[in-house]
Amino acid sequence: MAIKLYNTLTRKKEIFQPIEEGKIKMYVCGPTVYNYIHIGNARPAVVFDMVRRYFEYKGYDVQYVSNFTDVDDKIIKAAEEMGEDVMAVAERFIKAYYEDTGALGVKKADEHPRVTDTMPEIISFIEKLVDKGYAYESEGDVYFRTRKFDGYGKLSQQSVDDLQAGARIQVGEKKEDPLDFVLWKAAKPGEISWESVWGYGRPGWHIECSAMVKKYLGETIDIHAGGQDLSFPHHENEIAQSEALNEKKMANYWIHNGYINIDNEKMSKSLGNFILVHDIIRQFDPEVVRFFIVNAHYRSPINFSDDQLASAKSSLERIKTTYLNISHRLEETAGLGVEADRWTGDIIDLRKRFTEAMDDDFNSANAVAAIFDLVKLANIYLEEKQTNRDVLKAFLKELDDMAYVLGLTLKADPELLDEEVEALIEERITARKNRDFARADDIREELKAKNIILEDTPQGTRWKRG
Ligand SMILES: [Zn+2]
């Protein structure tokens, strides 16, 4: 069965056709690393990770790239406020991003390029745009000449004239036209900067993704993804930069996820209702947060509340309990039972319902409904005291596969043995002696995640199970 996905570029569901058979080149816009990510940043990380996993489930080889914006106005401002170095701030929040998204079951991308590591490619990209007449230097800044690019507005379906009406030249900008956007910013005194033919400066925000897509994936990719708020101007500008230079379509499919509201209100700085992943995964099992996110179709808006999370928690527990009961039955029985075909036939039908839902623009809400029907079927099997090992294994295999796609683990985590805990405590003591405090902290966190509490006393480190 073919996968259909909703392409923002055409506003239609289209049958997915890869550029190269069996392969997918996918780029997802990543975070600006000046703070912990909030739940709204977590949604694209989780849903596009699920899209990637589903393609893998279908046998595709996915090349997945997602960037870090590690130099930008917001980071410079945050570093100033914290009295820290820009690079140190970025480094810290990149580490936090890996921790938070890792807790949410997001696999690392094949490449996580950073702006500061892509500087030669970014500068050369801008130089070529200048050579082609699509960009111009103005007092150390470089701007993109928006009106020169014919397709401008095609992603957000706005005409250049409509856009013109709302555009203003801001104080300090030295543009030919209010629609032009910045590719390179001249450095202010004392600011972090890189050398270029236009003097010292740093890239504007949009250009990094164009340069990274080209460097890591090529001139045309299969799927470009990001949050709905990025479609304009960020993705529109990426298209303009890349297509002006390469004279090729940048991405065949553009997919965007919907917003997350908090208690039915838009998340905003002024309302002070930002929920950081860092905090919420200390209140709820991160897997529950992940399940809550994938429980809705990625394009629908979702509402985040403690009630919703509590309900996600009990739903996930129902799946896990059935999985565990089936596993136990399998351990206890050597039986062959009867009527295997009827049951395996029903299991295969539910697998089909799961894949049909995912094939239909990654409709994970309907896919989860298919999982619950499989759970129901498994519960009937258990109640009937049936013991056919093939059927029990088929239930486990399908549940495992479906859980993999959604990024959940159904197998219970084995508890750490006392010797394993003590070995980790020894390693932590050695790390601290070597002043490797990062490793020491990691070990403490790792143990905490397994419910082991450490207490450092003058007599040494004590531990207990929490
Ligand atoms: Zn981007």
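**Around the zinc ion**

His-234 and Glu-238 sit four residues apart in helix α7 (residues 231-246), so about one helical turn separates them. Helices (H or I, at least four residues) and strands (E, at least two) are DSSP runs, numbered from the N terminus. An α-helix has 3.6 residues a turn, so residues three or four places apart point the same way.

This is a predicted model: local features need pLDDT of at least 70, side-chain atom pairs count only at pLDDT 80 or more, and totals for chains, interfaces and linings use all residues. Residues are numbered from 1 along each chain as its sequence is written, and side-chain values use heavy atoms, without hydrogens and water.

Both His-234 and Glu-238 are buried, meaning under 20% relative accessible area; exposed means over 50%, and partly exposed lies in between (1.4 Å probe, protein chains only). The zinc ion is coordinated by His-234 (NE2), Glu-238 (OE), Cys-29 (SG) and Cys-209 (SG), at 2.1 to 2.3 Å. Donors are N, O and S atoms within 2.8 Å of the metal (3.2 Å for Na, K and Ca); water is not among the atoms, so sites may look incomplete. Along the chain, the donors follow the spacing C-x179-C-x24-H-x3-E.

Helix α7 also holds Pro-233. The peptide bond from Phe-232 to Pro-233 is cis, with omega near 0 degrees.

Next comes helix α13. It spans residues 389-406, 18 residues in total. Its buried residues include Val-391, Leu-392, Phe-395 and Met-402. The buried residues of α13 pack against α1 (39-57), α9 (286-294), α10 (306-332), α11 (340-359) and α12 (364-383); contact means heavy atoms within 4.5 Å. After α13 comes Gly-407, with a positive phi near 85 degrees.

Which residue lies in the loop between α12 and α13? That place belongs to Lys-385. Its phi is positive, near 55 degrees, though Lys-385 is not a glycine. Lys-385 counts as exposed, at 65% relative accessibility.

Gln-157 also has a positive phi, about 50 degrees, and is not a glycine. Gln-157 lies in the loop between β6 (141-144) and α5 (160-166). Gln-157 is partly exposed, with a relative accessible area of 48%.

Note on methods. The expected span of a helix is 1.5 Å times one less than its number of residues.
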